[in-house]
Amino acid sequence: MNTEEFRRHAHAFVDWMAEYLDRVETYPVRAQTKPGEIAARLPASPPDHGEPIERIFTDFTRDLLPGITHWQHPSFFAYFPANSSPPSVLAEMLTATLGAQCMLWQTSPAATELETRVLDWLRQMLGLPEGFAGVIQDSASSAILCAILTARERATGWRVNEEGLGAVERLTVYCSTETHSSTEKDVKVAGLGRRNLRKVAVDDAFAMRADALEAAIREDLAAGARPICVVATLGTTGVGAMDPLRALGQVCRRHGVWLHVDAAWAGSALVLPEHRGMLDGIELVDSFVVNPHKWLFTNFDCSAHFVRDPEALVRTLAILPEYLKTREQSQVIDYRDWSVQLGRRFRALKLWFVIRAYGVDGLRRMVAAHIDLAREVEAWIGAAPDFELMALRSLALLNFRYRPQGVGDPAELDRLNERLLEALNDSGELYLTQNRVRGTFAIRLAIGQTATRRHHVEAAWKKIQETARALG
Ligand SMILES: Cc1ncc(COP(=O)(O)O)c(C=O)c1O
């Protein structure tokens with residue numbers, strides 16, 4: 001393809017992209033295809049000869065689009081959002097065109113220097129203290145893995161890196177019963193063994209109990225284990241609980257344990273100063289992750305990982321074969337040493353575009369609008385006699401269920417709400433996901449799509465009530 005053809009196709013694609021964003025509401029939110037339906041449309045073997053872009057594009061819209069779940073749909077209330085925005089998409093186009101691999105300062109100085117600067121902007125925007133240095137990871141899972149690895153090495157004097165886990169005592173990690181599964185996965189990946197992850201009890205607000213953490217650490221110490229890391233969460237995935245950083249941090253300090261904070265979703269709300277109470281105790285925190293790719297209008301993937309001691313991270317992950325040496329290495333940051341992967345996309349560009357295009361006040365308004373909408377839905381649910389909230393609203397996240405009069409059996413209520421959720425998602429009009437709150441089935445609604453406005457949540461609430469009452 002020559003550049004003239006590229007230009008022609010690119011213009012056509014941009015037209016389609018703009019139309020898509022205009023028309024995204026006309027698609028079913030969650031893909032309505034059955035397993036294997038899309039695969040059946042795809043040839044079993046690759047083409048021998050090149051095909052025109054027009055034909056490939058037609059197949060994209062005809063064969064693939066029906067199997068896409070539309071995350072940018074304003075009625076997407078499932079999981080946590082992965083909200084994007086036009087400035088972010090524009091930046092991703094530039095990133096793809098440059099195709100730069102930004103593993104070293106030298107392999108694109110601007111990418112490295114922009115990453116450092118833009119993450120310091122983000123640190124300021126979120127009210128994180130000075131002294132935290134940032135790096136962009138692909139996901140919160142990777143940031144948590146890096147934290148656990150660094151904690152492992154710091155606790156063992158960098159011995160595991162050299163000699164393996166067999167050389168040291170049993171190492172233990174702590175999170176709460178509400179912590180996202182990525183911590184458990186990372187404990188497995190780090191070779192520590194799932195059995196050495198202690199899931200600490202939570203209080204009535206689903207927050208990790210510092211007294212229970214203290215007890216678990218003492219028990220493990222008494223059994224000859226070495227506690228290395230606590231993963232606290234601001235905004236748990238189920239109900240959005242906030243673990244108490246100060247109380248947990250004091251326990252960590254007492255025992256020389258690393259404190260990592262997973263604020264993957266809720267961290268974006270820190271752009272609003274009124275939500276910074278959750279940072280109380282941040283001075284006791286070693287590392288912190290927030291995903292602008294969840295709730296800060298920046299395309300997946302963009303996970304901002306802040307560390308207080310970059311040297312510990314670099315010492316844990318650094319590797320320097322001959323072919324990666326550069327003349328400037330002693331004067332610059334080579335981000336390849338800050339993450340598991342060597343190769344790195346130019347991810348800072350989209351965050352830079354987003355922050356500049358909206359400004360801090362614009363981003364504040366957008367996040368605050370989502371929280372205001374969630375507050376309204378909370379009031380509607382509270383006022384409906386046949387619905388109930390299953391946990392307190394956290395920021396823009398709600399858990400509720402349908403509870404019609406006359407249905408008292410817990411198992412029957414669970415089944416009724418499961419059926420309600422399926423019926424809603426099968427309608428294509430909105431998309432929600434499920435949760436268990438103290439063992440009880442709940443419908444989980446997270447507001448955070450860029451295009452979501454009041455009429456979308458009003459329509460969602462109307463649909464939820466009508467569907468429930470028809471089932472009930
Ligand atoms: C609280 C929390 N932490 C971590 C993750 C994992 O995020 P990622 O997909 O960036 O690894 C999620 C995902 O939703 C989450 O809710």
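I take two strands as paired if DSSP finds at least two bridges between them. The model I am reading is a predicted one.

**Entry 1: overall form**

I began with the inventory of secondary structure, which gives 14 helices and 11 strands in the protein. I then looked up the radius of gyration: the value is 24 Å, close to the 23 Å from the globule rule for 472 residues, so the protein is as compact as a globular protein of that length. Along the principal axes, the C-alpha atoms occupy a box of roughly 65 × 60 × 45 Å. I noted that 44% of the 472 residues count as buried. I also examined contacts between residues at least 6 apart in sequence, and found that 74% of them join residues at least 24 apart.

I traced an open sheet of seven strands with mixed pairing, in the order 1-7-6-5-4-2-3. Which strands stand at its edges? I found strand 1 (133-137) and strand 3 (197-200) there; each has a single partner strand, so one side of each is left without a neighbour in the sheet. From one strand to the next, I recorded an average twist of 20°.

Strand 5 (residues 258-262) and strand 6 (residues 287-290) run parallel and are joined by three bridges. Opposite Val261 I located Phe288 in strand 6.

I next turned to the helices against this sheet. Helix 5 (residues 140-155) packs on the sheet and touches strand 1, strand 2 (171-176), strand 4 (226-233), strand 5, strand 6 and strand 7 (303-307). The direction of helix 5 makes about 155° with that of strand 4. Helix 9 (residues 245-255) also packs on the sheet, where I found it touching strand 4 and strand 5. For helix 9, the angle with the direction of strand 4 is about 170°.

I then followed an open sheet of four strands, ordered 8-9-11-10 and paired in the antiparallel sense. Its edge strands are strand 8 (387-389) and strand 10 (433-437), each of which pairs on one side only. The twist that I noted here averages 40° from one strand to the next.

I checked how helix 12 (residues 348-383) relates to this sheet. Helix 12 packs on the sheet, in touch with strand 8, strand 9 (397-402) and strand 11, and its direction makes about 20° with that of strand 9.

Is strand 11 mostly covered or mostly open? I found strand 11 mostly covered, with six of its seven residues buried.

I listed the partners of strand 11 in turn. Strand 10 pairs with strand 11 (residues 440-446) in the antiparallel sense over five bridges. Asn435 stands opposite Ala442 in strand 11, and Gln434 has Ile443 as its bridge partner there. The hairpin of strand 10 and strand 11 has two residues between the strands, and in that hairpin I noted a positive phi near 50° for Arg438. Strand 9 runs antiparallel to strand 11, with four bridges between them. Opposite Asn399 I located Arg444 of strand 11.

**Entry 2: the ligand shell**

How many residues surround the ligand? I counted 14, and the closest are Ser139, Ala140, Ser141, His180 and Ala264.

Technical notes
Residues numbered from 1 in each chain as written. Predicted model: local features only at pLDDT ≥ 70, side-chain atom pairs only at ≥ 80, totals over all residues. Axes fitted to C-alpha atoms, helices over the stretch in contact; angles between N-to-C directions. Contact = placed C-beta atoms within 7 Å. Buried ≥ 20, exposed ≤ 12 C-beta atoms within 10 Å, placed from the backbone. Near = placed C-beta within 6 Å. Rg over C-alpha atoms; globule rule 2.2 N^0.38 Å.
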